[in-house]
Amino acid sequence: MNRVDLIIVGAGPSGLSAAIEASRRGLEVIVFDENEKPGGQLFKQIHKFFGSKEHRAKVRGFNIGKQLLEEADEAGVRVILNATVIGLYQDKEVVVRIGDEVVHYKADAVIIATGAAENMVTFPGWTLPGVIGAGAAQTMMNLHGIKPGKRVLMLGSGNVGLVVSFQLLQSGCEVVALVDAAPRVGGYGVHAAKVARTGVPFYLSHTIVEAEGEDHVTAVTIAEVDERFQFVPGSEKRFEVDTICLAVGLSPMSQLLKMAGAEMEDNPKRGGQVPICDNHGRTSLPGIFVAGDVSGIEEASSAMIEGRMAGIAAAEYLGYTDAETMQSDLEQLENALDGLRQGMFAPKNRGKLIEKTEEGIDISLNLLEKGYVSDDEIERYPGVTHRKGVHPVIECTQNIPCNPCQDACPKKCISIGKDITSLPIVVDDCDCINCGMCVASCSGQAIFLVDEDCGDGTATVTLPYEFLPLPEEGAVGNALGRDGQVVCKAEVVSVKTAKAFDKTYLLTMRVPKEYAMKARFFKS
Amino acid sequence: MNNTADVIVIGGGILGNATAYYLEKRGLHAIVLEGSDHIGNGGSSRNGGGVRQSGRDVRELPLVMYGIKNIWPTLSEELGVDCEYHQDGNLRLGKNEKHKEILTRLATNAKGCGLDVRMIDGKEVREINPYLSDEVTCASWCPTDGHANPLTTTLGYYKCARALGARFVTGEFVKEIRLVKGRAGKVVCASGDVYEGDNVVVLAGYDSRAILGTVGIDVPMTRSLLECLVTEAQPHMFDQMLGTAEADFYGHQTKHGSFVFGGSSGFEGYNKDNGTPISNAITAPCICRGIMKYFPILSKAKIVRTWAGWSDKSADGVPVVGAIEEVPGLYTSCAMTGHGFGIGPAVAHQLAQLIATGETDVDLHELRYDRFHAKI
Amino acid sequence: MNSVNDRSRDIGAFVPRDDDDMLICRCEEITKGEIRRAVHDGMWTMTEIRRYLRTGMGLCQGQTCARLVKGIVARELGVSPAELEPATSRVPMRPIEMEVFAKEAKEDGHE
């Protein structure tokens, strides 16, 4: 029998992280993944991640994937791709399909890091071609370079729905509506705001009545729902679309654990059927560990930390590290994980209505209900100040664990403080040099550089821009407000790029000065 | 809730469900206690679906023939559930002289009981089933055998018994039977619940041994872990039930198009029970190899599921069925030895008749619980 | 741990609904109405529903519909979906050709 110290099922962010830590501690590790490429969902993530430096914040997901693969290589991890684990049997026997045969392996420890699968919802027509998962849309666009459709309706306003909507726009699709049955946007406000300002209408408290079409989707009707999720008659809205994207949550792919006899629970807070495990991924079966979404739906940053913890715990289980060293290694990771699990969107706050920020400022109701902060609401946040000359306007209005902007500014104009979830403020003696580093560093695309009065009746607004083709300097178009509506004419002053911006372009437009605090997007 | 009934049935498999159904039809109220969380969770849901007479010991033949004659043909109609019963014959396949000897002996015995079963050669086999490989050189052929869907049949009986008023309680693991004035009258469960009835029927597979043991009855049996697998749906090929002289595999194509095959690795009876539904890592590949020898055409068919189930095996390979006279009011059918599904409806029907009237249409004497004696 | 579940508990009568013909299990083409009716036939666990109707027994092994079926059964029974044990997971995790499953590699040749 082929026998190794540790088998890891899944070469996504958590599996690879676990492999790296275990391998560094001397374990012989094999990672199996059924896909042809490693990295799990990371290579589909073209947006910049949140968090702090230790979480690789402001790095795009696929680049984190590349870094992880390099690390795994250096650590000597053996990753076998196109290798489908078909069963986890007793005595930690793993049977893997590789090519045209099955291979039996035994391991002294096993880490299951199989991730999650997309949920579906039903409505008349849900089985029509053209109704797809948001993750599937992402795979088509970002891995295969295929546009999922021309006109898309997105169901789901969680981070997946918001991020994928933005990516659909980037790939040239028209997103006709972003719909959610919940009364409030589920994902980060900054993700919603960057979609809303391009003109995508949000329909909260709405859901799909039916999809039309013979052999594929041709139209969709949505309607408002009341508190009991019943349709409100007369509230129907119909859109002609060729694609309906469903971003209605993920379910852990925990079948291997159930098969192996691990104690399971159905925990709605973790996204469904999950193994019962401790903070470091130990399941009820000695030597079998879990990490990442399979043990509870979160996101890639926390999955990577969980993976590292499980890798270290497995190393201790097999005697490759002592309990004391493990404890101190785990402590650092626990702090890092704790940092990610802070703020309004922390797992502990799931389902709670939060009305005020940690600073005691009212949360924007428009942001929750329409996807954007209204012009009158925006002034109350500490990142929004008025000064002479160019200065940052930080439209960050929710407490999320993220702080790259603070480090990005070479003049230390932006401060978050030691609490990573605090809203950024612009310091009093702000000495902005218009370098744009803050704009490009903000994973939420919520920072703008504004010169409210250029002296000639105009103002300039510099905004993060991630669409192709890039507008030409001197081009004239419309400036859109936070709500995506045209507010005025605008002329492109410059479109800048730099290596440090990591493909976020800085588009500066000139608008009449009365629109300095209103114009937030440029449309040719 | 009233925990008293005419009959307390222990075990919610096909035997328990069907017995409750036939009891209720006779006007006797039954409470069925199932130890697991699911109705039909033991061998009833884990077998290959054979409804056959050939290949059985002569002692159990009359009972299974009774069922095939009187119950199976109209069962779907009766239960209002598609039991997918097919009476298109059973081919028991052989590849060499040794196989031929085994098959011939079985066929001769069955013929003695009036069963139409005969030996055929390789050419005749392939006339009946053109998909079989040339390795098959002989077979026993019983045209009145067949197969059915164990899942829908078991749950169909449950549905109908429940509709007639039988009470079913799952997750109710029976700890012991208690005597009341010399009769089996009380059933005590691990939950602490107690049920009372004039009669108690033990239909609990291998667990029957421990339960019967609480009133001093021992049926000599062992158990072994058998496995099945199912393919994705295939175009319709044939309707016969198949088996082999060596029991490498057995099975059939279902109405759905999938093939259900059971088989073994040779370690049955020695497999470890770790309390999980894990099947053995080496068994399914072994079954696949067995099948492909007979059916090369299925090589590319995808296996979608495998599962394992415990089979309770009597010391002489024949089920124990009937009244346990030394404990009045106690009945059983256990140690079914892997034959329980096809024979199940007949067993249940006869047990219900026995409890209600004290008589049976089929003589059950050869299947008595106390037939086991030392060899010398 | 198994929990005592009296199948005689009154869950009310089957009431037909407008969306009963909606497909839920796409692999095996099973509708919402069939699932709801099965609950009233006494199939109260995901395992029983699956064995009775074949939901989740197709090529995707319930990856798509398991959660949907669970929601429908729970609603019909008047319990929370979390109270329903999901159907057992089975080998193989992904469908596998018989000839591949049959071919067991002798030793590790996959460096």
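Predicted model: local features only at pLDDT ≥ 70, side-chain atom pairs only at ≥ 80, totals over all residues.
Turning to the sheets of chain A, one is an open, parallel sheet in which 5 strands follow the order 8-15-9-10-11. Strand 8 (131-133) and strand 11 (202-204) of chain A each have a single partner strand, so each of these edge strands has one side without a neighbour in the sheet. On average, and ignoring direction, neighbouring strands in this sheet are turned by 20 degrees against each other. Within the sheet, strand 9 (residues 151-155) and strand 10 (residues 174-180) of chain A are paired in the parallel sense by 5 bridges. In this pairing A:Leu155 is found opposite A:Val179 of strand 10 of chain A. Helix 3 of chain A (residues 134-143) packs on the sheet, where it touches strand 8 and strand 15 (243-246) of chain A. The direction of helix 3 of chain A makes about 85 degrees with that of strand 8 of chain A.

A second open sheet of chain A has 3 strands, ordered 12-13-14 and paired antiparallel. Its edges are formed by strand 12 (206-212) and strand 14 (237-240) of chain A, each of which pairs on one side only. Neighbouring strands of this sheet are turned against each other by 25 degrees on average, again with direction ignored. Strand 13 (residues 219-224) of chain A runs antiparallel to strand 14 of chain A, and 4 bridges join the two. A:Ile222 has A:Lys237 of strand 14 of chain A opposite it.

A:Glu212 belongs to strand 12 of chain A. This residue counts as partly exposed because 15 C-beta neighbours lie inside 10 Å. Apart from neighbours within four places in sequence, the contacts of A:Glu212 are A:Gly125, A:Thr218 and A:Ala219. By contrast, A:Gly477 lies 265 residues away along the chain, with 36 Å between the C-alpha atoms of A:Glu212 and A:Gly477.

Helix packing is illustrated by helix 1 (residues 13-24) and helix 7 (residues 300-317) of chain A, whose axes are 7 Å apart and meet at an angle of about 35 degrees. The crossing of these two helices of chain A is right-handed. Among the residues making the contact are A:Gly15, A:Ala18, A:Ala19 and A:Ala22 from helix 1 of chain A, and A:Ala303, A:Gly307, A:Ala310 and A:Gly311 from helix 7 of chain A. Sorted by class, the contact between helix 1 and helix 7 of chain A has 13 nonpolar, 5 polar and 3 charged residues.

The contacts between chains complete the picture. Chain A and chain C meet through 29 residues of chain A and 25 residues of chain C. On the chain A side, two or more residues each come from strand 4 (83-89), strand 5 (93-98), strand 6 (101-112), helix 6 (255-260) and strand 18 (272-275) of chain A. The class composition of this side of chain A is 12 nonpolar, 11 polar and 6 charged residues.

Chain C also touches chain B, with 31 residues of chain C in contact with 44 residues of chain B. Elements of chain C giving two or more residues to this contact are strand 1 (5-6), helix 2 (46-53), strand 4 (96-97) and helix 4 (98-102). The chain C side has 11 nonpolar, 9 polar and 11 charged residues.

Notes: Residues numbered from 1 in each chain as written. Chains lettered and ligands numbered in written order. Contact = placed C-beta atoms within 7 Å. Nonpolar A, V, L, I, M, F, W, Y, C, P; charged D, E, K, R; others polar. Pairing = 2+ DSSP bridges. Axes fitted to C-alpha atoms, helices over the stretch in contact; angles between N-to-C directions. Left-handed = near helix turned anticlockwise from the far one by under 90°. Buried ≥ 20, exposed ≤ 12 C-beta atoms within 10 Å, placed from the backbone.
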